[in-house]
Structure formats: C-alpha cells, structure tokens
Amino acid sequence: MNTLCRVGQIHRCAASLSQAVRQVGASRHKHTLPDLTYDYGALEPHISAEIMQLHHSKHHATYVNNLNVTEEKYQEALAKRDVTAQVALQPALKFNGGGHINHTIFWTNLSPNGGGEPQGELMEAIKRDFGSFQKMKEKMSAATVAVQGSGWGWLGYSKETGRLCIAACGNQDPLQGTTGLIPLLGIDVWEHAYYLQYKNVRPDYVKAIWNVINWENVSERLQTAKK
C-alpha cells in the first residue's frame with residue numbers, strides 16, 4: 001500500500017512538474033512591451049514626454065496584453081478544432097498584433113539624435129524612386145496626413161520590384177501583412193500619438209516628427225529587407 005502511495009505521489013509530482021514546465025514555456029513565448037532606448041522626454045519639443053509616456057506605457061502595453069490574451073484563446077480554439085471561434089478571433093489578432101508590430105517599429109524609427117537626411121544606400125534609393133529626399137518627404141507626409149480616421153503612413157520596401165514605396169494603412173493594419181511591403185519607416189497618426197500636443201492639427205505633428213526620425217535605423221531596416 002505504501003509503495004502504491006509513493007507511486008501515486010510520483011505520478012502526481014511528475015504531472016505537476018510537466019504542467020509547470022509547459023506554463024514556463026508558454027510564458028517565455030508571451031509578447032512583452034519593448035523598452036525604449038531613450039527617455040520619454042528625449043524627443044521634446046517635437047513629441048512631448050506626456051505623449052510618449054502614455055503612448056508607450058499605456059497604449060502599446062494594451063496591445064501587447066490583448067494580443068497575449070487573444071493568442072491564448074486562439075490556441076484553445078485550435079485545440080478544440082473550433083473553426084468558428086478561430087475565425088471570430090481574427091480581427092482581434094490583426095488589430096492587437098498589428099498594434100504591437102507597428103509600435104515596436106515606431107519606437108526604433110525615432111531618436112533624440114534623429115532628423116536631417118539619410119545617407120548612403122538609403123539616400124540613393126530615395127533619389128532613384130522619388131527624385132529627391134524632399135519629394136519623398138512631401139509624398140509620405142501627404143499620404144500620412146490624408147489617412148482617414150486612425151492609421152499609419154509608411155515607407156516600405158518591395159522585394160518584388162526592389163524599390164521603395166509609400167503606403168498608408170488604416171487602424172493597426174500591419175504594412176507587410178496588408179500590402180506585402182517590408183516596413184522601413186512608420187508614422188503613427190492615431191490621435192493618441194499627437195493630440196495632447198498638436199490637438200487636431202495633424203499636419204503640424206507630421207511636419208515635426210521628421211526632426212526625430214532615426215535614419216540609421218531606417219537604413220538598417222533597408223539592408224535587412226534586401227537580404
């Protein structure tokens with residue numbers, strides 16, 4: 001009887017350990033809010049510290065949390081082979097997943113040491129595909145300001161043509177998942193990105209953000225996209 005009890009205890013212990021390992025493994029795969037490489041106030045006066053703090057620690061964090069919850073529900077639906085539930089979860093995956101992808105790119109596209117003009121291969125590609133840096137800047141600004149409601153303006157790279165392209169995406173639709181373009185530079189025009197500082201004057205915000213664009217990061221993204 002004692003032996004049977006010990007065997008039962010071993011089995012229960014093994015089961016608990018197995019469950020714990022699965023939980024640890026699952027937690028490792030959860031999405032997390034990326035740290036910024038600069039302080040919230042580092043982009044002032046172009047983007048205020050208050051906007052950056054709310055945008056990063058509240059808005060982006062919400063996308064991350066909701067994405068993790070949605071993915072858990074999706075895994076449950078897959079395990080149950082519940083296709084109806086899988087389909088119903090697609091909008092939440094797209095919205096929160098896109099929000100996480102877009103903002104993760106956005107933070108690295110910005111720098112307190114940014115602004116000016118790009119150099120090297122990126123500048124040559126811009127001149128080839130748009131005529132000049134100024135023309136690219138004007139075209140991207142116009143497309144971004146023109147986004148109806150909330151969304152993003154993007155400079156992307158087409159692997160198919162080997163050229164740079166400008167596109168706009170509504171809501172949190174991710175550029176690559178929506179258009180096939182690889183994102184290089186994104187400008188967030190959801191109101192939470194600028195309203196506390198620029199109110200309803202979106203063009204002023206878009207004009208100001210060029211002063212903190214991290215062209216080194218954009219150049220690195222182009223190099224990676226071309227591989």
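The model is predicted. Its protein chain has nine helices and three strands. Of the 227 residues in the chain, 41% count as buried.

**Overall layout**

- From the N terminus on, the elements run α-α-α-α-α-β-β-α-β-α-α-α.
- Among contacts in the protein chain with a separation of 6 or more, 69% are between residues 24 or more positions apart.
- The accessible surface of the chain comes to about 12,700 Å². Carbon and sulfur atoms hold 53% of that surface.

**The sheet**

- Three strands form an open sheet in the order E2-E1-E3, and the pairing is antiparallel.
- E2 and E3 stand at the edges. Each has a single partner strand, so one side of each is left without a neighbour in the sheet.
- From one strand to the next, the twist averages 25°.
- Helix H5 packs on this sheet and touches E1, E2 and E3. The direction of H5 makes about 15° with that of E2.
- Strand E1 (residues 151–158) and E3 run antiparallel and are joined by six bridges.
- Strand E3 covers residues 182–188 and is mostly covered itself, with seven of its seven residues buried.

**Helix H5**

- H5 has 13 residues, which at 1.5 Å a residue should span 18 Å. Its end C-alpha atoms are 18 Å apart, so the two values agree.
- The buried residues of H5 are Phe133, Met136, Met140, Ser141 and Thr144.
- Seen down the axis of H5, these buried residues fall within an arc of 125°, so they line one face of the helix.
- The face turned away from that buried side carries the exposed residues Lys135 and Lys139.
- The buried residues pack against several elements. These are helix H4 (120–130), E1, strand E2 (163–170), E3, helix H8 (202–209) and helix H9 (215–225).

- Thr144 is found in H5, which runs over residues 133–145.
- Thr144 has 0% relative accessibility, so Thr144 counts as buried. The cut-off for buried is under 20%.
- Leaving aside residues up to four places away in sequence, Thr144 touches Gly153, Ile187, Val189, Arg202 and Val206.

**Backbone details to look at**

- Most residues other than glycine have a negative phi, and most peptide bonds are trans. The cases below depart from that pattern.
- The peptide bond from Glu44 to Pro45 is cis, with omega near 5°. Pro45 lies in the loop between helix H1 (2–28) and helix H2 (49–79).
- Arg81 is not a glycine, yet its phi is positive, near 55°. Arg81 sits in the loop between H2 and helix H3 (83–109).
- At 74% relative accessibility, Arg81 counts as exposed.
- Lys199 also has a positive phi, of about 55°, although it is not a glycine. Lys199 is placed in the loop between helix H7 (195–198) and H8.
- Lys199 is partly exposed, with a relative accessible area of 44%.

Notes. Residues numbered from 1 in each chain as written. Predicted model: local features only at pLDDT ≥ 70, side-chain atom pairs only at ≥ 80, totals over all residues. Heavy atoms only, no water. Buried < 20%, exposed > 50% of the residue type's maximum accessible area, 1.4 Å probe, protein only. Helix = DSSP H or I, 4+ residues; strand = E, 2+ residues; numbered from the N terminus. Pairing = 2+ DSSP bridges. Contact = heavy atoms within 4.5 Å. Expected span 1.5 Å × (residues − 1). Arc of directions from axis to C-beta. Axes fitted to C-alpha atoms, helices over the stretch in contact; angles between N-to-C directions. Areas by Shrake-Rupley, 256 points an atom, 1.4 Å probe, with all protein chains shown as cover.
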